[in-house]
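Dear colleague,

Please find below the structure I wish to hand over to you. My notes on it follow.

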Amino acid sequence: MSAEPADLTKVDSAISGLSSSPTEEKKGHRRASSSAAGVYNINDLEKEGKELQIAKETQKLNWKLNTSPATLDDKETLKKFLTTPPVKKIDLHFPLGLEVTARNLKGVTIKDALDAIHKQFKKKADDELELPVLAGFEWDKEESWTRLIVHQKKEGAPSGGGKKKNKKETYDE
């Protein structure tokens, strides 16, 4: 039952009509980037010296870092770009050293940033977080052009204007 080597010359008839290297034709054809027009790479903005503006709406969200951004009532705010001009990705830096990156080729939205933050904090309990509520973002071009500083606060309720005085001070009179 041994086959002779002469019988094995043509293994697959489908190959016979093709050129020896089909990959040559495909070189040069690369999928176009799916980023939208007017969305920048943050490194290009730094080279051009273009300043970033951060959406002010982030300061009013009162969003807890360990809850899903989908629980927020204001869905329209989530669709807005985090920065003007919009960027494809931006690093979000926490004061304690944690850094997360928000990415979206069509422009990073507020929701993209909150999703990236939530991914880091979703397994934390409320009492594990010292400052559980997002206060907003800050862009400090002197420190780092490509990164936003995340500010947090203790309470999610609207602040009542300043800190409360110690009870001791009021009773000493």
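From the N terminus, the elements of the chain follow the order α-α-β-α-β-β-β-α-β-β-α, which comes to five helices and six strands. Helices (H or I, at least four residues) and strands (E, at least two) are DSSP runs, numbered from the N terminus.

This is a predicted model, in which local features need pLDDT of at least 70 and side-chain atom pairs pLDDT 80 or more, while totals for chains, interfaces and linings use all residues. Residues are numbered from 1 along each chain as its sequence is written, and side-chain values use heavy atoms, leaving out hydrogens and water.

The chain has 173 residues, of which 30% are buried. Buried means under 20% relative accessible area, exposed over 50%, and partly exposed in between (1.4 Å probe, protein chains only).

The structure holds eight salt bridges, each a side-chain nitrogen of Lys or Arg within 4 Å of a carboxyl oxygen of Asp or Glu. One of them joins K79 to E76, with the closest N and O atoms 3.5 Å apart. These two residues are three apart in helix 3 (residues 75-79), so about one helical turn separates them. K79 is exposed, at 57% relative accessibility. Another joins E143 to R147 at 2.9 Å, and E99 is linked with both in a network of salt bridges.

D91, in strand 3 (residues 89-93), is buried yet has no salt bridge. The nearest side chain of opposite charge, K89, is 5.1 Å away.

Yours sincerely

Terms used: Lys, Arg positive; Asp, Glu negative; His and termini not counted.
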